[in-house]
Amino acid sequence: MAPPIARCPRPPPRLPQRAGQPSRGGAGRWAPREVGAAGRTLRRGRAAERGAGRRGGARRTMAAATAAAAPGRGRRGAPMYSQKELTSKKRDEFEDILEERRLSSDLRYAMKCYTPVIYKGLSPCKPSAIKSAVLHSEQVQYVIKQLAKEMGESPDIIQEEAMEILDEMGHNMQLGAVRFFAFTLSKIFKQLFQRVCVNEEGMQRLQHAIQEHPVVLLPSHRSYVDFLMLSYLLYTYDLALPVIAAGIDFLGMKIVGELLRRAGAFFMRRSFGGNRLYWAVFAEYVKMMLRNGYAPVEFFLEGTRSRTAKTLTPKFGLLSIVMEPFFKREVFDTYLVPISISYERILEESLYAYELLGVPKPKESTSGLLKARRILSDNFGTIHIYIGQPVSLRTLASGRINRCPYNLVPRHLPQKPSEDIQEFVSDVAYKMELLQIENMVLNPWVLVAAVLLQNLPAMDFELLIEKTLWLKGLTQTFGGFIEWPDNLCAKKAVMSGLTLHSNIARLVNGHVVLNDKGVEDGAVGEIVFKHALAILMCATYRNQLLNVFVRPSLVAVALQMTRSFRREEVYNYFSFLRDVFSDEFIFFPGISLKDFEEGCFLLTKCDAIQTNQQEIYPTNKGSVIVSFLSTMFRPFVEGYQLIFRYLSKEAKEAFTEKQFIPGVRNFVFQLLEKGNTQCYEALSSDMQKNALAALVQLGAVKKKKMSNGFTYNVNQEAVNKILDMFDARIPVQKPVAARL
């Protein structure tokens with residue numbers, strides 16, 4: 001059998017140099033500049049015309065970039081950002097890729113000469129050859145023989161089943177389908193979005209990385225648009241299109257599912273259910289594409305779209321698979337590229353709010369897609385795509401991972417990862433998500449939503465502008481990445497956000513109110529539901545700010561919960577809250593003390609607190625900041641209190657998640673109807689699941705696997721104790737891991 005990838009004699013092209021202005025002829029974002037030794041036309045970005053002076057030395061070698069992104073060689077990596085980075089970090093500038101599309105032919109763009117540079121000049125083979133290589137690989141053949149022996153079946157029958165799995169799973173990338181999507185998406189994106197902005201220096205770093213080593217793209221996941229936009233972006237810049245891990249649900253969409261397959265999607269089942277053959281075939285398929293550098297591999301660490309705009313805790317399965325070729329020395333290195341996709345307005349915002357309130361998610365279907373055409377008349381503002389520094393897996397593993405044990409076992413034999421490897425995979429997953437978070441772009445509406453939710457039911461428009469400007473300054477002090485519209489004063493920026501999000505909030509008689517029309521009418525339950533819908537939609541945008549504020553905010557909440565200013569007690573409460581909210585927000589494992597010090601540093605930086613070795617106390621000026629931060633996180637504190645109360649009083653001894661979610665929702669709903677709480681966010685199924693997961697991790701609830709799923713058993717005494725700590729009725733007693 002021929003090898004899946006044949007090597008070409010030409011050397012890999014060099015990274016294009018930046019100079020001059022590109023043509024608008026539709027030949028890609030990087031216009032011809034020079035021809036390399038092998039006759040390869042090199043392209044360059046438009047970013048050069050601004051000059052190197054404005055870049056602040058952003059052009060670094062790949063080795064320096066990966067070293068900067070590496071979390072270090074200890075047991076655990078560095079926190080999301082260091083104190084030095086908060087004042088010195090300089091980010092790339094953005095370019096609008098739709099500007100070119102509005103001025104030139106979409107057909108010409110779709111039919112342009114597309115010959116992307118790939119890994120070490122290799123020539124890609126047909127998708128059918130990849131399937132054949134996977135099917136006849138030692139790994140898959142070994143599992144087939146083992147299963148045939150165990151089941152008493154003929155190996156040919158098992159092999160036929162493996163082929164069916166590959167046919168269901170495999171992509172069938174074809175240039176015709178890619179061009180169809182390029183043309184269609186150009187039309188759609190120009191209709192939906194005002195701008196699609198990308199950091200061109202990130203694209204240049206990505207082009208360099210693709211030529212050097214196998215690349216794994218790790219984008220954030222907020223919308224179905226994510227994977228379409230990323231492929232569209234790479235086509236625009238003449239880079240190799242990724243093969244994308246997509247849910248099997250998309251195969252149910254007639255025509256669309258097959259088009260996605262031909263555009264590079266490969267399909268995975270939501271659950272493998274212990275199916276060894278499926279796991280072996282899937283893992284080998286992914287590794288085959290990665291080992292040979294056929295195309296960048298793309299998947300979402302979060303596993304599914306975030307309905308709340310907060311980053312979900314990472315899933316480790318696919319990440320473990322793409323790391324294995326490096327562990328087994330089948331590749332010299334692998335680049336992991338964190339990508340942050342930020343939406344000024346999310347297409348599925350109302351759909352997400354309904355889902356969080358218990359309305360079933362619509363099944364993916366072609367008819368549903370056609371019905372969604374009405375959104376083409378809406379304006380969804382701007383998308384920012386930040387391509388992060390490629391991170392070298394070799395650099396991350398250096399001094400941390402011993403790969404020698406893999407040499408002692410034949411490569412085709414399945415091996416359970418050691419605890420060190422599992423720990424390393426977990427650390428890398430959290431590191432990648434924190435890098436995504438670090439480069440998320442915040443727009444003025446995010447600030448408006450955060451201020452508005454603290455001043456319901458109505459807020460004076462002029463005061464809203466004043467508070468938004470104040471919050472802008474605080475966010476920048478904390479290291480937030482804010483993109484303020486050019487040449488817009490604060491009043492126009494806030495008004496622009498209200499206009500874009502008129503379905504969420506509106507201006508009435510000089511006051512801004514939530515757009516929950518019809519709340520006055522109908523039964524009490526209907527009023528509660530409509531108001532909850534408006535609050536959850538608004539909270540989706542406020543949540544984008546929480547990633548920046550979580551550490552100083554937890555210090556602020558801890559200061560209010562503790563009865564003294566002793567540093568040790570404040571840290572104990574902070575650590576307790578960090579553990580409880582570990583599924584709500586992303587924290588790097590094992591560095592609670594560093595996170596605490598980071599939160600204290602940020603609060604000190606804005607003069608909110610003063611600290612010494614023994615005490616932490618708010619300043620006169622800082623009381624406003626501490627109050628704002630603790631109020632911003634109040635929905636989570638109060639929501640968890642309500643959920644814990646339900647479990648301590650109402651929950652059965654043993655229950656499933658399907659019983660728990662409606663039960664706690666009805667419990668909170670009744671409290672809202674009676675006016676006993678105003679915490680509408682406690683109705684969110686996302687918060688309810690996260691609170692249950694936190695109690696499992698804290699040992700207050702036991703999770704047991706059954707044949708039909710999981711059941712949960714509540715330890716009433718433990719839940720009541722955690723609830724008392726939340727209510728600050730008893731102090732948190734926790735040994736301090738290091739000197740404060």
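**Exercise 1. Determine how well strand β9 is covered and which way its residues point.**

Solution. Strand β9 spans residues 335–343; strands (E, at least two residues) and helices (H or I, at least four residues) are DSSP runs, numbered from the N terminus. The model is predicted, so local features need pLDDT of at least 70 and side-chain atom pairs count only at pLDDT 80 or more, while totals for chains, interfaces and linings use all residues. Residues are numbered from 1 along each chain as its sequence is written, and side-chain values use heavy atoms, with hydrogens and water left out.

Step 1. Apply the cut-offs: buried means under 20% relative accessible area, exposed over 50%, and partly exposed in between (1.4 Å probe, protein chains only). By this rule nine of the nine residues of β9 are buried.

Step 2. Sort the residues by direction. Tyr335, Val337, Ile339, Ile341 and Tyr343 point one way from β9. Leu336, Pro338, Ser340 and Ser342 point the other way, and these too are buried.

**Exercise 2. Identify the strands that pair with β9 and the sense of each pairing.**

Solution. Two strands pair if DSSP finds at least two bridges between them.

Step 1. Strand β5 (residues 215–219) runs parallel to β9 and is joined to it by five bridges. Here valine 215 stands opposite tyrosine 335.

Step 2. Strand β10 (residues 382–387) is antiparallel to β9, again with five bridges. Isoleucine 387 of β10 is the bridge partner of isoleucine 339.

Step 3. Strand β11 (residues 391–392) is also antiparallel to β9, over two bridges. Valine 391 of β11 is the bridge partner of leucine 336.

**Exercise 3. Explain why β17 and β18 are edge strands of their sheet.**

Solution. Step 1. Write the strand order: β17-β19-β18, an open sheet of three strands with antiparallel pairing.

Step 1. Count partners. β17 (654–655) and β18 (701–706) each have a single partner strand, so one side of each lacks a neighbour in the sheet.

Step 2. Inspect one pairing. Six bridges link β18 to β19 (residues 709–714), and methionine 706 stands opposite glycine 709.
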